[in-house]
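Please look through the structure below before reading on. The briefing that follows is grouped by topic.

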Amino acid sequence: MQQREEKQLEASLESLLSRVAHLKGSLQSFILKLENEHDRLTWPSVLDNFALLSGQLNTINKVLKNEKTPSYRSQVIIPLLLSPDRDEELVKLTEQRVPVFSHEIVPDHLRTKPDPEVEEQEKHLSAEAARIGPEVAQKQIQTLNKLCSNLLEKLNNPRDDRDSESSALRQNKPSFNPADTNALVAAVGFGKGLSKCRPPGSVPPGHPGQPMMSTGPTLQQVTIAGTTSHQPGMGGQVAQQQPGQPGKMPSNIKTNIKSASMHPYNR
């Protein structure tokens with residue numbers, strides 16, 4: 001009976017080790033792809049690798065939960081020989097991860113309970129959970145479930161949410177400023193808001209309010225020295241040249257010059 005159980009245990013361990021080896025090979029292959037072929041990897045191929053790893057892990061769990069598989073929890077591993085020297089066979093079995101089987105390494109590799117620090121953290125969390133009342137705990141559970149449900153909805157429908165958000169932004173946020181558009185139309189169509197000051201020389205010849213350039217002599221102001229106080233109507237300033245008649249002297253200026261030359265004081 002005992003030999004039969006030992007054989008069954010060895011067979012289950014061999015099967016489990018082979019499946020773990022397959023999982024290990026898949027992990028190594030995926031890591032190599034990520035390190036050396038990351039620029040050529042596509043998202044579907046990454047999903048395929050994750051699906052392969054997930055399937056292998058599920059297979060191992062099914063093997064462990066199978067009724068024919070002996071309970072590994074009831075098996076005890078006892079170190080029969082501890083040595084601080086390097087063991088080449090152990091290095092080969094562990095793929096150079098464990099070079100020696102000494103007193104320092106055995107507690108970590110054969111540990112069946114968490115580390116003391118982890119145990120203290122678990123005790124602290126358990127004490128905090130015990131202090132919370134049932135009603136408060138139920139409210140926190142409901143809040144957490146609500147948050148998880150909202151997060152799952154967003155993860156399941158990301159594309160719909162993005163499309164709706166983008167369409168809402170396009171509808172609510174205009175791409176132009178109506179005030180600037182109206183001001184531009186008023187300035188181009190009616191000259192509203194434009195500056196009335198023009199630099200010198202910008203007005204074409206003949207424009208009202210600007211002196212005209214002409215080739216002939218012009219007379220804009222005539223002053224007869226010594227006659228302004230004796231000749232009424234002559235004045236010290238004569239009217240400016242009329243626009244539109246370049247080089248032609250007005251008739252009133254000719255009359256004033258003629259009368260001034262005939263005056264007795266100018267002879």
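This is a predicted model: local features need pLDDT of at least 70, side-chain atom pairs count only at pLDDT 80 or more; totals for chains, interfaces and linings use all residues.

E95 forms a salt bridge with K24, and their closest N and O atoms are 2.2 Å apart. That pair links distant parts of the chain, with E95 in the loop between α3 and α4 (106-109) and K24 in helix α1, 71 residues apart.

**Salt bridges**

- Side chains of opposite charge can pair when their charged atoms come close.
- K24 has a relative accessibility of 27%, so K24 is also classed as partly exposed.
- E95 also forms a salt bridge with R97, where the closest N and O atoms are 3.6 Å apart.
- R97 counts as exposed because its relative accessible area is 59%.
- Salt bridges link K24, E95 and R97 in a network.
- R111 and D115 meet through their side chains in another salt bridge, at 3.2 Å from N to O.
- R111 is partly exposed at 35% relative accessibility, and D115 is partly exposed at 38%.
- A search of the whole structure gives six salt bridges.

**The chain as a whole**

- The protein chain has nine helices and zero strands.
- Its pattern along the sequence is α-α-α-α-α-α-α-α-α.
- Of its 267 residues, 12% count as buried.

**Helix α1**

- Helix α1 covers residues 2-36 and includes E5.
- E5 is partly exposed, with a relative accessibility of 45%.
- On the surface, E5, E6, E10 and E14 gather in a patch of negative charge.
- R19 also lies in helix α1, and R19 is partly exposed at 33% relative accessible area.
- From C-alpha to C-alpha, R19 and L57 are 8.9 Å apart in space, while 38 residues separate them in sequence.

**The nonpolar patch**

- V76, I78, L80 and L81 make a nonpolar surface patch of about 540 Å².
- L80 is placed in the loop between α2 (43-65) and α3 (88-93).
- L80 counts as exposed because its relative accessibility is 83%.

**Helix α8**

- Helix α8 (residues 178-190) has 13 residues and reaches 18 Å from its first C-alpha to its last, close to the 18 Å expected at 1.5 Å a residue.
- The number of buried residues among the 13 of α8 is one, so the helix lies largely in the open.
- Just after α8, G191 takes a positive phi of about 75 degrees.

Methods. Residues are numbered from 1 along each chain as its sequence is written. Side-chain values use heavy atoms; hydrogens and water are left out. Patches are made of residues with over 30% relative accessible area and no salt bridge: like charges are joined within 9 Å, nonpolar side chains (Val, Leu, Ile, Met, Phe, Trp, Tyr) within 5 Å. Accessible areas come from the Shrake-Rupley method with a 1.4 Å probe; for residues, only the protein chains shown count as cover. A salt bridge is a side-chain nitrogen of Lys or Arg within 4 Å of a carboxyl oxygen of Asp or Glu. Helices (H or I, at least four residues) and strands (E, at least two) are DSSP runs, numbered from the N terminus. Buried means under 20% relative accessible area, exposed over 50%, partly exposed in between (1.4 Å probe, protein chains only). Lys and Arg count as positive and Asp and Glu as negative; His and the chain ends are not counted. The place of a charge is taken as NZ of Lys, CZ of Arg, CG of Asp or CD of Glu. The expected span of a helix is 1.5 Å times one less than its number of residues.
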